[in-house]
Structures are given as C-alpha cells and as structure tokens.
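Here are a few exercises to work through with the model open beside you. Try each task before you read its solution.

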Amino acid sequence: MRLRFVAAGPVVTLLLLGGCSAVQTPEPACRPLEVAEFPLLGGIRGTWMDDERFVLADLHQSRLLVYGTSEGLVRIVNGWESEDLELNFVSPTNIQPWEDGYVLADGYADRDRLLGLGADLRPLRVLWESDIEKGRGKWKGEEVFVLSWMVALRDRLYVQASRLTDGELSEREYAEFGAARLLNGPGGALRELAAWPGFEGEREWHGSFHDLAATGGRAASAFALRFSPAGPFVQELVGEGRRLEAFPDLPAPMPVLPRDGPEGRDAFYAALEASSYPAGLYADEDSLYVLMRNATSGEPVWDLHRIDPRRDEVVDKVRLPTNAAHVSLLPGGRYWVLEESSSGLEGYFRPPIRFLLLSSAAIRAGEVPSCD
C-alpha cells in the first residue's frame with residue numbers, strides 16, 4: 001500500500017514552534033540579585049513575605065527595605081511615617097511574621113518594644129514594652145531587654161535578649177513570648193512565658209550572627225545556637241530545653257576574642273576574621289543548618305551543615321559559593337538569600353557587598369554551584 005502525504009508542512013512547523021516556546025530555560029541554582037541599596041549594617045535581619053519578596057530591618061537608618069527576587073529594592077518603609085507618634089520605630093532590630101501581619105522588635109535607649117505591623121508593614125499597635133528604666137543613676141527592671149534576634153513559631157515568639165541581675169547586665173538569654181489578655185490592656189498583647197538563662201561568657205561571644213531558628217512540619221520547634229564554656233551546641237527552646245547531641249566538628253578550637261568596642265574594634269575584627277567558628281543557625285522545612293566559617297587555609301570558606309533534629313544527627317553539608325569575610329542567610333521556600341559583607345577592618349558598619357539568590361531545592365540536594 002502506498003502512503004499518501006498531505007501538505008502539512010506549515011502545521012508541523014507551527015507545532016514545533018509552539019513546543020519550543022513552551023520550553024523554558026531552567027533557572028540557575030545561584031544568581032546575584034541586582035540591588036541599588038542595602039541596609040547600612042551587614043547581617044540579614046528579616047523575613048520572606050512570599051516566595052518572591054523579602055523584607056529586611058535597616059537597624060541604623062530607622063526603616064524597612066522590601067526586595068523582590070526580580071526587581072531588587074521595591075519599597076522603603078520609614079520608621080517615622082506613622083500618624084501615631086507612639087508607633088514610630090527608631091532602631092528596628094528584627095522582623096518576623098505574626099498573625100495576619102508582622103512583629104517588629106524596636107530597641108532605642110531604654111525603650112525596647114515589640115510592635116504589631118499590618119500586612120502592609122505599617123505599625124498598628126504596641127504588643128509589649130520592657131519595664132527597664134534608669135533611676136538614681138542605675139538601671140532597673142525585671143523583664144528582658146536589648147532584643148536582638150527572634151523567630152516566630154505559631155502563636156509563640158522566641159527572642160534573644162539580656163536581663164538585669166542586681167543592676168548588672170546578665171549573660172545572653174533566650175525568652176518565649178505568647179499572647180495574654182491583660183486586665184488593663186488590649187487583647188493579644190504579649191508577655192514573657194519562659195526563659196533560658198545564658199552561660200558564663202556567652203554574652204561576650206560576637207562571632208555568630210544568627211542564633212535562632214524555627215523548623216516547620218509536624219514536629220515544628222524553636223532552637224538556639226548556644227555557646228557554653230565546654231563548646232557550642234544546639235538547644236531546643238521547649239520544655240526543659242533539650243540539648244541536641246548532634247553538632248558539626250569544629251575546623252579549629254573556638255577563638256578567644258579581644259573585647260569588641262570603638263577602641264578595640266580593629267583588634268577584634270583582625271582576630272575574628274582569622275578564626276573558624278559556627279557563624280549562625282538556620283532552618284528550612286524540618287531541618288536545621290549550622291553555618292560554619294572555616295579559615296584554616298587562609299581565605300574563609302563557608303559550609304552549611306544539615307542537622308535532622310528528630311534523629312539528632314548531622315546528615316550532610318553543602319559548601320556555599322562565597323569567600324566573603326562575613327556571611328549571613330535568609331532561608332525561604334524557593335530561595336535562600338546569601339548576603340556577603342565586607343571586612344570589619346574596612347569600616348565601622350561592615351556594609352553588605354551583594355546578595356546572592358540560592359535555590360532552596362539545590363541546598364536541600366546538597367549542591368550549590370558558583371554564581372560567578
């Protein structure tokens with residue numbers, strides 16, 4: 001039997017063209033994010049708003065910066081824009097999701113507060129204010145203050161802070177906050193529910209940048225990177241405060257750093273940047289990640305060590321595509337933001353250099369290629 005062909009060339013051509021147009025180039029696992037403006041101080045203090053936008057607190061410029069993964073900086077929220085002067089913020093130290101909006105930690109002089117923000121990032125109300133005050137030349141108060149880091153987990157908020165003991169600043173402390181209806185206050189106000197005191201000398205450790213993380217899933221929980229005299233470890237901030245046995249091997253002994261401050265800043269950063277140490281704790285889905293700085297060969301390399309908190313095991317690690325002096329991260333469902341910051345010897349504020357967008361799937365798979 002003889003086959004008969006019809007003039008279908010144009011149709012085939014259209015189908016082929018249609019098929020080609022449907023094929024998209026895979027997104028790179030690592031790419032720089034073009035950014036025209038950064039927070040003044042290096043170190044990410046913020047949260048994802050959705051898969052495409054994240055917001056960072058700009059501590060020293062009294063504002064919030066919103067970035068898009070395609071556009072870079074898309075919006076600035078200044079701290080003095082509220083019509084209610086009591087809701088203006090001066091030194092935003094961190095921002096996290098809360099209820100239908102966000103919670104913002106604001107610390108200025110003796111006025112540490114937690115502000116409730118709407119979905120548009122506008123302050124709506126004061127959720128909590130520390131009782132710390134100065135009287136007769138001495139600070140007094142029972143509540144925590146100097147809030148630096150925090151993570152939200154369902155209806156609980158976990159913060160890293162300090163406390164006064166006999167008028168003196170305590171070691172670094174972690175506290176849990178939850179909603180409470182006060183007799184003379186609004187419903188939904190926050191109060192301290194539990195606390196985990198610090199170890200001797202823990203407040204003086206300034207190497208790690210992000211020491212709180214919250215996992216997701218059924219076993220969602222909050223964890224802190226702790227620094228005891230015996231060495232660093234991860235602690236669960238629930239109940240009695242379970243200490244995980246799993247922790248990555250240190251590339252070198254923990255450094256002894258000179259005191260940080262205006263007069264000793266160069267000596268501090270010279271020692272810090274020649275050292276290897278755990279530089280932060282992060283979480284993605286049901287896993288924890290310890291960021292390890294390794295400077296044993298000179299130029300620093302950065303490894304993310306993945307911990308399964310349920311099995312209490314270190315399961316793998318991924319080498320990050322950077323040799324920056326300082327690194328901080330913001331994990332997200334689709335991307336992680338990697339911030340590279342300059343040396344503390346170059347300037348007081350150690351400003352950011354650039355943002356890299358890393359594929360979350362690549363990190364979970366343990367393979368992140370170079371961006372360059």
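**Exercise 1: the second largest pocket**

The second largest pocket holds about 520 Å³ of space. This is a predicted model, in which local features need pLDDT of at least 70 and side-chain atom pairs count only at pLDDT 80 or more, while totals for chains, interfaces and linings use all residues. Residues are numbered from 1 along each chain as its sequence is written, and side-chain values use heavy atoms, with hydrogens and water left out.

Task: find which residues lie nearest the centre of the second largest pocket, and which strand gives the largest share of the lining.

Solution. 
- Step 1, the terms. On a 1 Å grid over the protein atoms alone, a pocket is an open set of points where a 1.4 Å probe fits, with protein on both sides within 12 Å along at least five of seven lines; lining residues have an atom within 4 Å of a point. The volume is the space filled by probe spheres set on the points, which are joined across faces, edges and corners.
- Step 2, the centre. Of the 27 lining residues, Thr47, Gln96, Ala214, Ala283 and Pro331 lie nearest the centre.
- Step 3, the strands (E runs in DSSP of at least two residues, numbered from the N terminus). Strands supplying at least two lining residues each include S2 (46-48), S6 (92-98) and S21 (277-284). S21 gives the largest share, 4 residues.
- Step 4, the classes. The lining has 15 nonpolar, 9 polar and 3 charged residues.

**Exercise 2: the disulfide**

Task: locate the disulfide and decide whether it is left-handed or right-handed.

Solution. 
- Step 1. The structure holds 1 disulfide (a pair of cysteine sulfur atoms within 2.5 Å). Cysteine 30 and cysteine 371 form this bond, with their sulfur atoms 1.5 Å apart.
- Step 2. The torsion about the S-S bond is about -85°, so the disulfide is left-handed.
- Step 3. Cysteine 30 counts as buried because its relative accessibility is 6% (buried means under 20% relative accessible area, with a 1.4 Å probe and protein chains only). Cysteine 371, at 15%, also counts as buried.

Notes. Nonpolar A, V, L, I, M, F, W, Y, C, P; charged D, E, K, R; others polar. Buried < 20%, exposed > 50% of the residue type's maximum accessible area, 1.4 Å probe, protein only.
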